[in-house]
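Student: I have a model open and would like to learn how to read it. Can we go feature by feature?

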Amino acid sequence: MTEPTERALQLIVSYDGTNYAGWQIQNDQRTIQGALERTLLKITGEKIRVTGSGRTDSGVHAIGQVVSFRMQSKLSPDVMRRALNAELPPDIVVQSARNAIPEFNAIDCAIKKRYRYLLQEGRIDDVFSRQYAWFVKKELNFAAMQAAAQYLIGEHDFASFESVGSERMTTVRHVYDVQVLRSERHEFDKVAIEVEANGFLYNMVRIIVGTLVDVGKGRRPPEWVAEVLAAKKRTAGGMTAPAHGLYLLRVDYPESCWLD
């Protein structure tokens, strides 16, 4: 008897990470990976292990998390998307699904990722953003933060922007873009910091944000960021910004990964 043929799918998933202990499955904890795998088992009857493009921490959100998995089910990608959304908790939504090449892996095949971090500045906290943006009780120097961000662009050793205790083969990364953007929502100002790179170290974006906030508060000049990079030690930079302001925005892959 011929064994059922497995196929590879890619999902783009958005989630509010407030009530989850991060992406990765943990004992006795609610996780995004756990919710997806339980729902896939319910829909397909298969024990499916999913891979996310990034293991977001507790409280971190995603607008465009990419998920890969293999299954034997013959459900079409759109039927799978609708079935998942009918069964998943309301704070996890599958935005799209598509067929991928058999060897597709959400981590290994990624070529670029982009994160967004939201800040709220001012004297009064926005109660409706307290789980989705870091409240900085001071007006920030927007131009200084923009100038400081430019020192991060290019290929550098980002050892100063990695939390102590994580293990990587190399701390060199290529940052393609850093943007400091201002927007207004009702009476509360928001500052978005977006970082795009070929890969990220543990807490790299949150440390970049903490460092740029020090510049924005006037504690350090913009050129200090170059000194932080050159130091290659975590103690040289700013604080690690809180998790709840961070969003995985987008992950890019070669077009050759898709079958449709």
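Student: How do H1 and H2 cross, left-handed or right-handed?

Tutor: A crossing is left-handed if the near helix is turned anticlockwise from the far one by less than a right angle, and right-handed if clockwise. Here the crossing of H1 and H2 is right-handed. The axes of H1 (residues 32-44) and H2 (residues 77-87) come within 10 Å and cross at roughly 115°. Axes are lines fitted to C-alpha atoms, for helices over the stretch in contact, and angles run from 0 to 180 degrees between N-to-C directions. Helices (H or I, at least four residues) and strands (E, at least two) are DSSP runs, numbered from the N terminus.

Student: Which residues make the contact?

Tutor: Contact means heavy atoms within 4.5 Å. H1 gives Thr-39, Leu-40, Lys-42, Ile-43 and Thr-44, while H2 gives Met-80, Ala-83, Leu-84 and Glu-87. By class, that is five nonpolar, two polar and two charged residues. Ala, Val, Leu, Ile, Met, Phe, Trp, Tyr, Cys and Pro count as nonpolar, Asp, Glu, Lys and Arg as charged, and the others, Gly among them, as polar.

Student: What kind of model is this?

Tutor: This is a predicted model, where local features need pLDDT of at least 70, side-chain atom pairs count only at pLDDT 80 or more, and totals for chains, interfaces and linings use all residues. Residues are numbered from 1 along each chain as its sequence is written, and side-chain values use heavy atoms, with hydrogens and water left out.

Student: Is Lys-47 buried or exposed?

Tutor: Buried means under 20% relative accessible area, exposed over 50%, partly exposed in between (1.4 Å probe, protein chains only). Lys-47 has a relative accessible area of 82%, so Lys-47 is exposed. Lys-47 lies in the loop between H1 and strand E2 (51-52).

Student: Why does Ile-92 count as buried?

Tutor: Because its relative accessibility is 2%. Ile-92 sits in strand E4 (residues 92-100). Leaving aside neighbours within four places in sequence, its contacts include Val-13, Tyr-20 and Ile-32.

Student: Where is Arg-206?

Tutor: Arg-206 is in helix H4 (residues 204-216). Arg-206 counts as buried because its relative accessibility is 13%. Beyond neighbours within four places in sequence, Arg-206 touches several residues, including Asp-57, Tyr-117 and Leu-246.
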